[in-house]
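Okay, thanks everyone. Let me put the model up and walk you through a couple of bits of it.

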Amino acid sequence: MLSPFKVLVIGGSYAGLAATLNLFDLCQGRRRRFSLDPADEGPQRTVPVQITIVDERDGFYHLIGVPLAIASQDYAHAIWKTFDDIPALQTPAIRRIQGRVVSVDCETKTARIEGITKGRPVTEEKYDYLIACSGLRRDWPSAPRSLTRQDYIAEATRWVEDVKNATQGVVVIGGGAVGVEIAAEIKMMQPQVKVTLIHSRSRLLSSESLPDEFGMKTLALLQSDVDVIIGARVQETTAHESDATGAVSGYTLTLSDGRQLQTSHVINAVSRFSPTTSYLPDAACDEEGYVYITPQLEFSGDVPNAGDHYAAGDLVHWSGIKRGGAAMHQGHYAAVNIHQKLYAQIYGSEIDALDLAEVPPMMALALGKQAVGYFPTTGLSEGDEVLKAFFGDDLGFMICWNWMRLGQVPPA
């Protein structure tokens with residue numbers, strides 16, 4: 001009997017789960033779950049496989065939903081699902097390890113993994129194929145700090161209480177995608193709270209390679225509910241302590257134009273992120289840490305066994321704005337291409353790999369009860385229909401959940 005191929009997936013978010021579940025489908029001889037071809041019946045014959053997911057968190061967290069999670073406790077609790085509570089992963093063919101990959105030896109195909117709790121020993125995991133999907137290291141508020149759902153619930157509860165109790169309002173610093181959505185979602189969920197967005201550049205979304213009219217339309221829609229200050233930088237933030245408890249009772253913000261603002265709560269949404277690829281050989285990555293890949297998602301850097309190592313999601317050196325949809329798409333393609341190699345090794349078939357296309361800049365933003373989007377094929381669009389199409393009524397949580405079929409129990 002043929003031993004199962006071992007596939008190690010580093011990261012259990014959009015790219016990692018998409019890769020894992022599409023590869024699982026194919027190895028079970030079934031149509032992959034992301035296939036849009038009604039005539040696709042799958043490979044019919046099975047491939048023995050053992051897929052292992054390694055992630056620092058104990059579950060899948062819907063990062064796209066952070067702006068709404070800051071303003072709604074019920075929503076915040078709903079978008080962290082432990083891996084044990086995701087029906088699609090409940091099969092012996094998919095293992096989960098909560099830990100941190102500290103190094104990968106591409107020559108021996110060995111990953112060293114340490115547990116997230118202090119004192120946990122470092123273990124070694126052998127693999128035949130590896131898919132790096134660990135994404136970017138993001139600061140709060142772009143991502144929660146917690147690594148377990150239990151800790152996250154307490155963290156998210158504090159987020160919402162800080163916003164609800166902001167009698168002098170909330171100031172969001174940073175007019176990128178995260179800051180804009182946070183400001184809009186807070187105002188929608190907590191309409192009694194004054195919300196101010198401050199952006200140092202002359203237009204919103206200034207760091208994105210999108211048409212100026214996208215930023216202008218975003219500003220026009222946002223200003224209907226949120227106070228927006230552009231072209232001024234926060235130079236100093238002074239905290240005021242309560243006489244009774246010593247707790248912070250509010251802040252004074254001094255802007256570069258001389259203005260001062262009083263507020264109860266400050267959210268610094270200026271983007272700070274970096275690839276989580278310190279475990280990979282330097283030759284696999286560019287100077288910033290993004291993984292060089294071929295259009296088939298194999299490593300293209302000068303590393304041993306490069307063709308057995310894949311990367312997908314936000315950590316890859318590829319065109320386009322980092323998005324959850326793009327991450328799932330890349331994970332899907334990595335799964336198909338690895339399966340092609342496994343299937344050919346067993347059955348002698350020809351390899352018919354999928355190639356990633358170059359991706360032009362595109363984006364959709366949720367702004368409370370409406371949305372704005374820009375896509376090269378359709379141009380600029382706005383309104384509740386854009387919101388419904390790209391986000392539903394929960395910032396895309398159920399769209400992603402259903403697309404990956406996370407609620408579907410694997411067949412026996």
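So, which strands does helix α6 lie across? Helix α6 (residues 212-222) lies across β21, β22 and β23, running at about 180 degrees to β22. Those angles go from 0 to 180 degrees between N-to-C directions, with axes fitted to C-alpha atoms, for helices over the stretch in contact; contact is heavy atoms within 4.5 Å. Helices (H or I, at least four residues) and strands (E, at least two) are DSSP runs, numbered from the N terminus.

Quick housekeeping: this is a predicted model, where local features need pLDDT of at least 70, side-chain atom pairs count only at pLDDT 80 or more, and totals for chains, interfaces and linings use all residues. Residues are numbered from 1 along each chain as its sequence is written, and side-chain values use heavy atoms, leaving out hydrogens and water.

Back to those strands: they form an open antiparallel sheet, ordered β21-β22-β23, where pairing takes at least two DSSP bridges. At the edges sit β21 (363-367) and β23 (379-383), each pairing on one side only. Five bridges join β21 to β22 (residues 370-375), and Leu367 has Gln370 as its bridge partner in β22. Helix α8 (residues 384-391) also lies across β21, β22 and β23, at about 75 degrees to β22.

Now, the inside. The largest nonpolar core has 124 residues, and Val104 and Tyr152 touch the most other members. By core I mean buried Ala, Val, Leu, Ile, Met, Phe, Trp, Tyr and Cys joined through side-chain atoms within 4.5 Å; buried is under 20% relative accessible area (1.4 Å probe, protein chains only). Helix α1 (residues 14-27) gives the most to this core, nine residues.

Terms used:
Buried means under 20% relative accessible area, exposed over 50%, partly exposed in between (1.4 Å probe, protein chains only).
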